[in-house]
Amino acid sequence: MHSIYRQLCCDHKHMQRLLEVFEGLLEQLTKQERDPATLGMILEALDYFSVYPDQWHHPIEDLVFEHLLGKPVDVRDVINKTLKEHHQIAAATRKMSKLFNAVANDAAVEREALFGAAREYIDLQRRHLQRENEILFPLVADLLTIDEWNAIQDRLREQQSVHFNAGVKRLYDAMYETLAEDTAA
């Protein structure tokens, strides 16, 4: 399978793991209110969810799914819903970041609103990943040709953000590793 597909699958595993980490950190926060170390890790996880998918992962998926639209399968509605969710997830991540930054800065945030929004956020992310993993990724793996993958790779080179190059991607890969390791210990 093409390296872009493998990277997308790896990204999903990382995001699923970080959702587990995020959930664990929320659980810790319920036991130790406003713990600076826990809040710091929550904010790092939200930074990852804010920057990495929006600047790296979702633009790649958008190109891949664009190729899928030209295939003889009826998934236009699923693709459109998924692409729309990319924007909803970005907005939800910004909302979560605002809430947790407020908590970190000792602002009054209603506990029920904070944890309710966090549960909704986790559910949104998981439903999104599940749809891509169970419906779209298998179709992409089966239907895209090597020429289409190479065309996607060429377009990525042309579109690569000057703000999110391979060096910044490595930084976010390292951030993921740190969060996954720190919470596993």
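Glu148 and Lys71 join their side chains in a salt bridge, with 2.9 Å from N to O; the term covers a side-chain nitrogen of Lys or Arg within 4 Å of a carboxyl oxygen of Asp or Glu. This pair ties together distant parts of the chain, 77 residues apart: Glu148 sits in helix 5 (residues 146-159), and Lys71 in the loop between helix 2 (36-69) and helix 3 (76-104). Helices here are DSSP runs of H or I, at least four residues long, numbered from the N terminus. Both Glu148 and Lys71 are buried, which means under 20% relative accessible area (1.4 Å probe, protein chains only), while exposed means over 50% and partly exposed is in between.

The model is a predicted one, so to speak of local features takes pLDDT of at least 70 and side-chain atom pairs count only at pLDDT 80 or more, whereas totals for chains, interfaces and linings use all residues. Residues are numbered from 1 along each chain as its sequence is written, and side-chain values use heavy atoms, with hydrogens and water left out.

In total, the structure has 6 salt bridges. One of them pairs Arg126 with Glu23, again at 2.9 Å from N to O. Here too distant parts of the chain are linked, with Arg126 in helix 4 (residues 111-143) and Glu23 in helix 1 (residues 3-31), 103 residues apart. Arg126 counts as partly exposed because its relative accessibility is 31%, and Glu23 does so at 36%.

Then there's Glu27 with Lys31, a salt bridge at 3.8 Å, N to O. Both residues belong to helix 1, 4 residues apart, or about one turn of the helix. Glu27 is partly exposed at 44% relative accessible area, whereas Lys31, at 65%, counts as exposed.

Methods:
Helices (H or I, at least four residues) and strands (E, at least two) are DSSP runs, numbered from the N terminus.
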